[in-house]
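Reader: I would like a close look at one part of this model. Please pick a strand and walk me through its pairing and its surroundings.

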Amino acid sequence: MRPYLIHFEVLYTFLVSFGVEIHALSPHYSACQLQQNAETSPLTGCPDGTLFVSPTDSRARFKTVQAAVESLPETGDAIILIGAGEYFEKVNVTRSAPLTLLGQLDPNTARDPAGNASQRNLVHIWYNLYVLPGMTDQDTSTLTVAPPSGQQSGNTDFKAYNIDFENRAAKYSISQALAGSFIHANVSFYGCTFASWQDTWYTGVDAYSYAVDTIIYGQTDYLFGSGMAWFQNVILANRACGGGIVAWAGTEGTRNGAFIADSKIIQSPDANSTTVTDSRCYLGRPWNPLAIAVYLRTYMDESIHPNGFIHWSHKTSVPKTAYFAEYRSSGPGGNTSKRLPQEYILTDTQVNEKFSLESVFAGKPTWIDFEYVA
């Protein structure tokens, strides 16, 4: 049994009962991801050149993900299939050429007649660092996609499918303890999970990130950064309330911010039974005066505070230069009648003109897999 109260299978069951569809299937890679029998090569159905990692399968060339990553040349597309199992390691991707990580899946993976998923991820990558003197936030991250220190040319196209990334530094908000950190890179995630308590997900300088059909656990500022991040059909699972769900630092002349679309905010099933979250969790707070956080068509449970957003620590108000907005929020926490006066309640016209994925990213990014079944 995995340590702490992180039982992902419980959450999948809970979400299905909640009416949430988690399809977690890629038309490009599902044949490669499905486990084979003992007599068949695990790379059956995979693109030529795919590397295989497994801590237990003797046919694997690598036992750790990081060893496979470090074996790659600097140029050329690369794909790594990760066998089912627990991986206690930090994964650090510094190459600029495209890289895809595939988590192995149960061969019985399929949507049931009601349209719900019957599978859960079989690959769990975790580490257990939090910020101590002399460390940066990024030093704690379980998954890092960033160029070597001092360089500004990072990965042009990083993708991961059906992998759980977790920081197990503590089972409470101890300090910055990242599950994912992305700098100078284009990254996208499909059917993944990111779990920590504080600062779970970081989209940093000159980074563009996208997640779909993904679950993100946290308590304090667990989506944070200064780059551009779009979260599509994700589950934001509050383990407790602290700071805000989003903490962003905007940049003058850009639309860098966090955009959450067609998603759900719920209390995490692994929250402590004594934890009170009703009306105590904020949608976000400004990391700097130019912060941007926008929620589009998102269900919000009882945990959301009626004010929606809150000021930064030691401040008395949200600066007028911050841009916090909602559109068609629903659920017990989606009532916008008592939101902060600085917040924007968007109209259909505003959303159609300014808040589609294409308008936010100034085009349709070629590094996003839009054929993923979500």
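Author: Start with a pair of residues in this predicted model. Leu-99 stands opposite Phe-158, which belongs to β8. Leu-99 is part of the pairing between strand β5 (residues 99-103) and β8, which is parallel and spans four bridges.

Now take β8 itself, residues 158-161. In a regular strand, side chains alternate between the two faces of the sheet. Both faces of β8 are covered. Phe-158 and Ala-160 are buried on one side. Lys-159 and Tyr-161 are buried on the other.

β8 also pairs with strand β11 (residues 186-190). Four bridges join these two, and they run parallel. Tyr-161 has Tyr-190 of β11 as its bridge partner.

Phe-52 lies in strand β1 (residues 51-53). The residue is buried, because its relative accessible area is 5% and the cut-off is under 20%. Beyond its neighbours within four places in sequence, Phe-52 is in contact with residues including Pro-42, Leu-43, Phe-62, Leu-81 and Gln-104.

One more sheet deserves a look. Seven strands form an open, parallel sheet, in the order β4-β7-β10-β13-β16-β19-β22. β4 (91-93) and β22 (284-286) each have a single partner strand, so one side of each lacks a neighbour in the sheet. Neighbouring strands here are turned by 10° against each other on average, direction ignored.

Notes:
Residues are numbered from 1 along each chain as its sequence is written. This is a predicted model: local features need pLDDT of at least 70, side-chain atom pairs count only at pLDDT 80 or more; totals for chains, interfaces and linings use all residues. Side-chain values use heavy atoms; hydrogens and water are left out. Two strands pair if DSSP finds at least two bridges between them. Axes are lines fitted to C-alpha atoms, for helices over the stretch in contact, and angles run from 0 to 180 degrees between N-to-C directions. Buried means under 20% relative accessible area, exposed over 50%, partly exposed in between (1.4 Å probe, protein chains only). Contact means heavy atoms within 4.5 Å.
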